[in-house]
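Subject: Structure handover

Hello,

Here is the structure for you to look over. My notes follow below it.

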2 protein chains.
Amino acid sequence: MKIVCNKQVLLDGINIGLKAIASKTTMPIILCFVIDVKDNIKLISNNMEMGIETIVDGQIIEPGTIAIDARFFAEIIKKMPDDIITIETDYDFKATISCGKSKFNIIGKSAEEFPFLPKIEKNDAITISQFSLKEIITQTVFSVSPDENNKIMTGELIEINDDNLKIASLDGHRISIRKIKLLKSYEPVSVIVPGKALMELSRILSDDIEKNVSVYLTNKHILFEFDNTILLSRLIEGKYYNLDVMISNDYETRITINKNELLGCIERASLLIRENEKKPIVFNIGAENLEIKMITNSGTMNEDLSIVREGSDVVIGFNPKFIMDVLRVVDDEYIDFYMMDYKSPGCIKDKDGNYIYLVLPINIAN
Amino acid sequence: MKIVCNKQVLLDGINIGLKAIASKTTMPIILCFVIDVKDNIKLISNNMEMGIETIVDGQIIEPGTIAIDARFFAEIIKKMPDDIITIETDYDFKATISCGKSKFNIIGKSAEEFPFLPKIEKNDAITISQFSLKEIITQTVFSVSPDENNKIMTGELIEINDDNLKIASLDGHRISIRKIKLLKSYEPVSVIVPGKALMELSRILSDDIEKNVSVYLTNKHILFEFDNTILLSRLIEGKYYNLDVMISNDYETRITINKNELLGCIERASLLIRENEKKPIVFNIGAENLEIKMITNSGTMNEDLSIVREGSDVVIGFNPKFIMDVLRVVDDEYIDFYMMDYKSPGCIKDKDGNYIYLVLPINIAN
């Protein structure tokens, strides 16, 4: 195998591929990139949950295939001068990486043992802009559960109905839902996609609203195709929770509040929380004022924020992290916060129902 | 005690004071700032090796003194809105920190147990610009020894003779020496200052060549006074090594080489070194070419760099870190590297003797 690439182009491909490199594994081969050179130069990675293939522009002098430690390879390419890079391998999987007058010899591996991605039958593509997909993932994926014992909660629901796309996650304490309109209508479909794969995908997608992603679904897989890259993830089997029964439109009190002021205030209050301490942030809602209060072993904090209120007084406590997580992803300058009473979930949502965040309260009865 | 300060002014003072806060200790009181308010607002910290007093501009409403956990206090102030901050304490050492509508109550301590800095008799000051002092510390302090068993090597020599200031450090493998001219002449003096104190000092000093530091010496202490701050450090007792007998002006070969090219090349080569592996970077010096080579268990790297040479061929190996350390602090675009043979130290120095870096080679005989 022998190829010639521009350093930055190769590095861009590497940075995409690294997202599907395992951090720990008992299978050393999945710590490798496969560089697979036939009619194009393909960089392949697969951590067994998801796989990435990305095509790197470059000149093919001799086809071939080699597996090479991904992080080591990335470090070497990163440190090379900004120049043309030549990668050459011999029958023994010795790789020579040269750039200018600099030359590395490192030991690669045969790609025989590597779990190449399965061939996916490409049916009708669902099309969505990279920008939108990135945004709706970022705005929901933070509330998937990290607990692998409940597989379904580690994934996000992606549901399509006509031209409506809904993406949602929940972890038993909170629910995040984001809805957008697609450019055309599709057959109804509903799948559960691992949160980790979506998180990595959102990091690769560009912010360009002009660029699209094509999404393909099979019984077992979801495939995202964009630019020179495909990302393939397994689906999580099972039936997702019925969100409609969990979300109510009833409320007793609605407040409108400046998002950044509220976020800054809860961030400050959270300084009082020492590791593993579980203390609520308490909202004491008056007619024109939200008094925010935190009491921990380190001290107390309180702060008043201006609000516009409809409804009656409420005192309610939340896990401060859950409220901060939402405030960090919502774009709006002012948010509406809906509450029933101190025992019922609080809900941050916009008027058009494009986003809904539901958070269970913490009991502060005593 | 009650004071009112601008947030940013207070935070600047805190960031200076934090440099003398211990990271671990059996004496909880030295994890605190003392805020000492009499005719000014003084922030005091002391990790028992060095102490800092910095004056924070602000309004004094009621004098008093309190000790307060330094890192916690710093976090709270950092997260406050950019506004006026009021700090008020009561007889019980409860501190109330308020800013806008935000109010923290935290528990402080009496400052009784705090090791206040000793009063230093201020004799003749040695004057040097902050910029120069910062520079010569940065350019030498990296080669103090971290080994506390040899106390003298953990310090830097500061030696004054007439209007010459010399600062030097060594760790048994290398020596760094920097010399500058002072604006006037002083009585000869020679002290050993802990490297850690100098490192923290260099982080506080400004880059402003117009601003000066006054340096005061006693038998046991060195005091740096600048802006609103004093930094006091103990001296290390003992006699420093005789550097003159260690440095020779003889050489067999001198090469002139682009500093950044050499640095980039050694950084790349160092990627091949796995944790704790000790491998030399080998310089193979030809007539117009320096071939750089690294061989480790991960692979090999070699690269050719253009040089101007005087003298004969040399093959010599170095600890790559030691060469990189020097190259990262030297300002010149091209450096001169002097060598005798593969067993004798290499020396990087400028023509005027403003800096001298001597590095012992690694034996690569086999």
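Start with helix 6 of chain B. Its buried residues are B:Pro320, B:Phe322, B:Ile323, B:Met324, B:Asp325, B:Val326, B:Leu327 and B:Val329. Buried means under 20% relative accessible area, exposed over 50%, and partly exposed in between (1.4 Å probe, protein chains only). Helices (H or I, at least four residues) and strands (E, at least two) are DSSP runs, numbered from the N terminus.

Some ground rules. This is a predicted model: local features need pLDDT of at least 70, side-chain atom pairs count only at pLDDT 80 or more, and totals for chains, interfaces and linings use all residues. Residues are numbered from 1 along each chain as its sequence is written, chains are lettered from A and ligands numbered from 1 in the order in which they are written, and side-chain values use heavy atoms, with hydrogens and water left out.

Back to helix 6 of chain B, residues 320–329. Eight of its ten residues are buried, so the helix is largely enclosed by the rest of the structure. B:Asn319 caps its N-terminal end. A side-chain oxygen there lies 2.9 Å from the backbone nitrogen of B:Lys321. A polar contact is a pair of N or O atoms within 3.5 Å; within protein, one must be able to donate a hydrogen and the other to accept it, and residues adjacent in sequence count only if both atoms are side-chain atoms.

Next, strand 24 of chain A, residues 355–359. Five of its five residues are buried, so this strand too is largely enclosed by the rest of the structure. A:Tyr355, A:Tyr357 and A:Val359 point one way; A:Ile356 and A:Leu358 point the other. Strand 24 runs antiparallel to strand 12 (residues 174–194) of chain A, with five bridges joining them. Two strands pair if DSSP finds at least two bridges between them. A:Arg174 stands opposite A:Val359. Strand 23 (residues 346–349) of chain A is also antiparallel to strand 24, through four bridges. There, A:Lys349 has A:Ile356 as its bridge partner. The hairpin of strands 23 and 24 of chain A has five residues between the strands, and A:Gly353 takes a positive phi near 70 degrees.

Two residues other than glycine also have positive phi. A:Asn276 is near 70 degrees and is exposed, with a relative accessible area of 76%. B:Asp162 is near 55 degrees; it is found in strand 11 (residues 155–170) of chain B.

Best wishes
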